[in-house]
Amino acid sequence: MRTVEVLLDETAETVVRQAWRRLADAGLPSQARHPSPTNSPHLTLAACPELTAPIRWELAGAAAVLPLPVRFTGLVRFERPTSVLAWALDLDSALAGLHRRVWEAVASDSPPETLNPFHHPTRWSPHITLGRTRRPGAFTDRQIPGLLPAPPLSARLTTLRSYDTDTGALEILTPRP
């Protein structure tokens, strides 16, 4: 599977990594426990089996809107088969537009059954993952907000990339001129 993700600016990345460290230090599930150099704070926009030439062409067009300002809105928890703790992002029209372009790109040349339904524009919830685990309810009944730094009020989404879940390879998706 190939993800399509967008990275945060350096300042926001530093704050997210600080939150990861605080969760890990408190013994909670944290993205800090994934030491791979590919593990960077990011916003996942979509995933598909492969980045075909038509998908790549459309993604290069979508990348042209970056950098894109975003606003953090606070802490959110998900229980979808894994427990996830994240900082939510405001789904304003610019972010919704970027997401829709990426979704349409991957959907245009991928079998529908291979696409994650949580990435569909009507179900997508933009967030930056702080911690995840297969343990249900791992983040409930905890004083999480007191452990974390305040999320940045604003940040910029800077770079579109793809992660290959089979090989572990990262690829920067550059904008077309």
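**Figure 1. The lining of the largest pocket comprises 14 nonpolar, 16 polar and 4 charged residues.** The view is taken from a predicted model. The largest pocket has a volume of about 910 Å³. Thr3, His42, Thr44, Thr129 and Arg132 are the closest to the pocket centre among the 34 residues that line the pocket.

**Figure 2. Helix 2 packs with helix 3 (residues 93-108) at an angle of about 175 degrees.** The axes of the two helices are 8 Å apart. Helix 2 is described as roughly antiparallel to helix 3 because the angle between them is over 145 degrees. From helix 2, the residues that make the contact are Ile55, Glu58, Leu59, Gly61 and Ala62. From helix 3, the partners are Leu98, Arg101, Val102, Ala105, Val106 and Ser108. By class, the residues of this contact divide into 7 nonpolar, 2 polar and 2 charged.

**Figure 3. Helix 2 contains the buried residues Ile55, Leu59, Ala60, Gly61, Ala62 and Ala63.** Against which elements do the buried residues of helix 2 pack? Their packing partners are strand 1, strand 2, helix 3 and strand 6. An α-helix has 3.6 residues a turn, so residues three or four places apart point the same way.

**Figure 4. A cis peptide bond joins leucine 66 to proline 67.** The omega angle of this bond is near 5 degrees. Where is proline 67 found? Proline 67 belongs to the loop between helix 2 (53-63) and strand 3 (68-80).

**Figure 5. Glutamate 13 is a residue of helix 1 (residues 10-25).** Is glutamate 13 buried, partly exposed or exposed? Its relative accessibility is 23%, and glutamate 13 therefore counts as partly exposed, since that class lies between the limits of 20% for buried and 50% for exposed. When residues up to four places away in sequence are not counted, glutamate 13 touches Leu8 and Pro41. Glutamate 13 and arginine 156 are 143 residues apart along the chain, and their C-alpha atoms are separated by 10.0 Å.

Terms used: Residues are numbered from 1 along each chain as its sequence is written. This is a predicted model: local features need pLDDT of at least 70, side-chain atom pairs count only at pLDDT 80 or more; totals for chains, interfaces and linings use all residues. Side-chain values use heavy atoms; hydrogens and water are left out. Helices (H or I, at least four residues) and strands (E, at least two) are DSSP runs, numbered from the N terminus. Axes are lines fitted to C-alpha atoms, for helices over the stretch in contact, and angles run from 0 to 180 degrees between N-to-C directions. Angles under 35 degrees count as roughly parallel, over 145 as roughly antiparallel, 65 to 115 as roughly perpendicular and the rest as oblique. Contact means heavy atoms within 4.5 Å. Ala, Val, Leu, Ile, Met, Phe, Trp, Tyr, Cys and Pro count as nonpolar, Asp, Glu, Lys and Arg as charged, and the others, Gly among them, as polar. On a 1 Å grid over the protein atoms alone, a cavity is a set of points where a 1.4 Å probe fits but cannot get out, and a pocket is an open set with protein on both sides within 12 Å along at least five of seven lines; lining residues have an atom within 4 Å of a point. Grid points are joined across faces, edges and corners, and a volume is the space filled by probe spheres set on the points. Buried means under 20% relative accessible area, exposed over 50%, partly exposed in between (1.4 Å probe, protein chains only).
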